[in-house]
Amino acid sequence: DVIPQPLLEQYLSMTDPARAQTVDTEIAKHCAYSLPGVALTLGRQNWHCLKDTYETLASDVQWKVRRTLAFSIHELAVILGDQLTAADLVPIFNGFLKDLDEVRIGVLKHLYDFLKLLHADKRREYLYQLQEFVVTDNSRNWRFRYELAEQLILILELYNPNDVYDYLRHIALTLCSDKVSEVRWISFKLVVAILQKFYANNANALGLNFINELIVRFRHCSKWVGRQAFAFICQVG
C-alpha cells in the first residue's frame with residue numbers, strides 16, 4: 001500500500017539480466033544506488049519485498065554494483081534496525097570484507113557507523129578481522145590504510161581497553177611503520193588515542209605497557225625514521 005505495486009515490480013525487475021542488455025548496461029548499479037531510498041520508503045516492515053533483490057545485487061558479477069551497496073550498507077542498517085541487520089545484512093557485510101579493494105573501501109569508509117549498530121557480542125567478532133584491512137590487493141593503495149587508521153580512531157570507543165590492547169594495538173603499530181608518511185601521521189594520532197583510551201578507563205597498566213613498547217620500538221630504533229616517529233607521537237600527545 002506504500003507505493004503502487006506495478007512501480008515496485010518495475011524496480012525489482014531492474015536486476016533482470018535481460019534489462020541490462022535491452023535498457024541500460026548499468027541498470028543494476030542504478031538499482032543498487034536507489035535501494036536505501038526504496039527501503040526507507042517501504043519501511044522495515046516491508047523489507048521482505050526487497051530482501052531477494054538486495055541479495056541478488058550483492059552477488060552481482062559487476063564489482064561496481066557491489067561497491068555501490070558496500071558504500072550504503074550502514075545506511076540500510078539504520079533503516080532496518082538491529083534484528084534485521086544481524087539476520088540479513090551481516091552475512092552480506094562479511095562477504096564485502098573479503099571482496100576486491102574497490103568494494104572493501106566502501107565498507108571501510110563507514111566501518112564505525114556499521115559496527116556501532118551491532119550488539120556488543122556480534123561486534124566483538126570483528127576484532128579478529130580488522131587486521132585483514134592492513135593487507136590490500138595493491139600495496140600502493142595507501143589511502144586504504146589511511147582510511148583504516150581514521151576509522152580505528154572512532155572505533156576505539158566501541159571496545160574495552162583489554163580488547164584494544166590485544167587487537168587494535170598491533171594494527172596501530174604496524175601502520176606507524178608504513179612506507180607512506182601520510183599513513184604514519186594519522187597512525188601517530190591513533191596511537192595517542194589508544195593511550196588516552198587506556199588512561200581514561202583507568203587501565204594504567206596497559207597504558208604503561210604500551211608506552212614501554214613505543215620506547216623500545218621507536219625511541220631506541222636503529223633507523224632515524226623510527227626515532228622520528230617517537231618524536232612525532234610525543235608531539236601529537
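Author: First, a word on naming: helices (H or I, at least four residues) and strands (E, at least two) are DSSP runs, numbered from the N terminus. You're looking at a predicted model, where local features need pLDDT of at least 70 and side-chain atom pairs count only at pLDDT 80 or more, while totals for chains, interfaces and linings use all residues. Residues are numbered from 1 along each chain as its sequence is written, and side-chain values use heavy atoms, with hydrogens and water left out.

Asn202 isn't a glycine, yet its phi is positive, about 60 degrees. Its relative accessibility is 65%, so Asn202 counts as exposed (over 50%; buried is under 20%, partly exposed is in between, with a 1.4 Å probe and protein chains only).

Now Asp163, in helix α10 (residues 161-176). Asp163 counts as buried because its relative accessibility is 4%. Its side chain makes a polar contact with the side chain of Arg124, at 2.8 Å. (That term means a pair of N or O atoms within 3.5 Å; within protein, one must be able to donate a hydrogen and the other to accept it, and residues adjacent in sequence count only if both atoms are side-chain atoms.)

Now for the part I'd zoom in on: the place where two domains meet. An automatic or database assignment gives domain 1 (1-118) and domain 2 (146-236). Their C-alpha centres lie 35 Å apart. Eight residues from domain 1 and eight from domain 2 take part in the contact, meaning heavy atoms within 4.5 Å. Together the domains bury about 700 Å², 70% of it on carbon and sulfur atoms; buried area is the accessible area (1.4 Å probe) that two parts lose on being put together, summed over both. On the domain 1 side, Leu108, Lys109 and Tyr112 lose the most area to domain 2, together 71% of what that side buries.

Lys109 turns up again: its side chain meets that of Glu147 in a salt bridge, 3.1 Å from N to O. The rule (a side-chain nitrogen of Lys or Arg within 4 Å of a carboxyl oxygen of Asp or Glu) finds one salt bridge across this interface. Five residue pairs, both partners at pLDDT 80 or more, are in polar contact there. On the domain 1 side, α6 (101-109) and α7 (111-115) are the elements that give two or more residues.
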